[in-house]
Amino acid sequence: MQKQVLSLCRGFLRATRSKSPEDRREIESFVSAEFRRNSKQVDRKNFIYIEHLLRRGKKQLEQLNSPDTVGLSSMNVTFSETENPKN
Amino acid sequence: MALRAAVLRHVRVAVQTRGLESNPWFPSGSIRLMSSHDDHLTKEEVADRVLSVIKSFPKVDPSRVTPEVHFQKDLGLDSLDNVEIVMALEEEFKLEIPDKEADKIDSCNLAIEYIHNHPLSS
């Protein structure tokens, strides 16, 4: 499971490479802050919740990967969705 | 005269293959890259660049970075930092490291080894 999380993180960082340098920096710092925050807050044994985060992360990554998604708007989407992890 | 012709021919061939290297779709380009070491990165060069990428990572104390250093045990990084470092190395050497390999790279030594042995690192 840890590998899945790391692989998702890698996927996000790869996806940012296709964005403009400015958007990229923003998305990158946001992505790593989100992963860091969850790694501190989420109980490592709470598998169901981690599975849920993984699924949601994959969907967000798909959004980010679509060429229609321009950095900033995708940032907002990612932000508003991950803002309330307890939902 | 024959010698001159031979030399000229040789030079022309060398220039051609150099041009082809940049084209990843041309098969002979990659074959040449793997068979020839004359324009491949030296281990020292790889080591220098790996070290400088790691030293420039925000959470790393540059004075503690040596070629022997282990990212998590010696530099106090975690697995997420590890991912970011490997991604930064990918960019520095214009590689794409598959997840399976990237998961194994957890120290300077392994990173240098992997990149040095990779035919496409540049």
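Q: Which residues of α5(B) are buried?
A: This is a predicted model, where local features need pLDDT of at least 70, side-chain atom pairs count only at pLDDT 80 or more, and totals for chains, interfaces and linings use all residues. Residues are numbered from 1 along each chain as its sequence is written, with chains lettered from A and ligands numbered from 1 in the order in which they are written. Helices are DSSP runs of H or I with at least four residues, numbered from the N terminus, and a residue is buried if 20 or more other C-beta atoms, placed from the backbone, lie within 10 Å of its own. In α5(B) the buried residues are Val83(B), Glu84(B), Ile85(B), Val86(B), Leu89(B) and Glu90(B).

Q: What span should α5(B) have at 1.5 Å a residue?
A: The expected span is 1.5 Å times one less than the number of residues. The end C-alpha atoms of α5(B) are 20 Å apart, which agrees with what its 14 residues should span: 20 Å.

Q: Which residues are in contact with Val50(B), leaving aside neighbours within four places in sequence?
A: Contact requires C-beta atoms, placed from the backbone, within 7 Å. By that test the partners of Val50(B) are Leu89(B), Cys108(B), Ala111(B), Ile112(B) and Ile115(B).

Q: Which helix gives the most to the side of chain A that touches chain B?
A: The contact takes 11 residues from chain A and 8 residues from chain B. On the chain A side, α1 and α2 each supply at least two residues. The most, 7 residues, come from α1(A).

Technical notes:
Two residues are in contact if their C-beta atoms, placed from the backbone, lie within 7 Å. A residue is buried if 20 or more other C-beta atoms lie within 10 Å of its own, exposed if 12 or fewer, and partly exposed in between; C-beta atoms are placed from the backbone.
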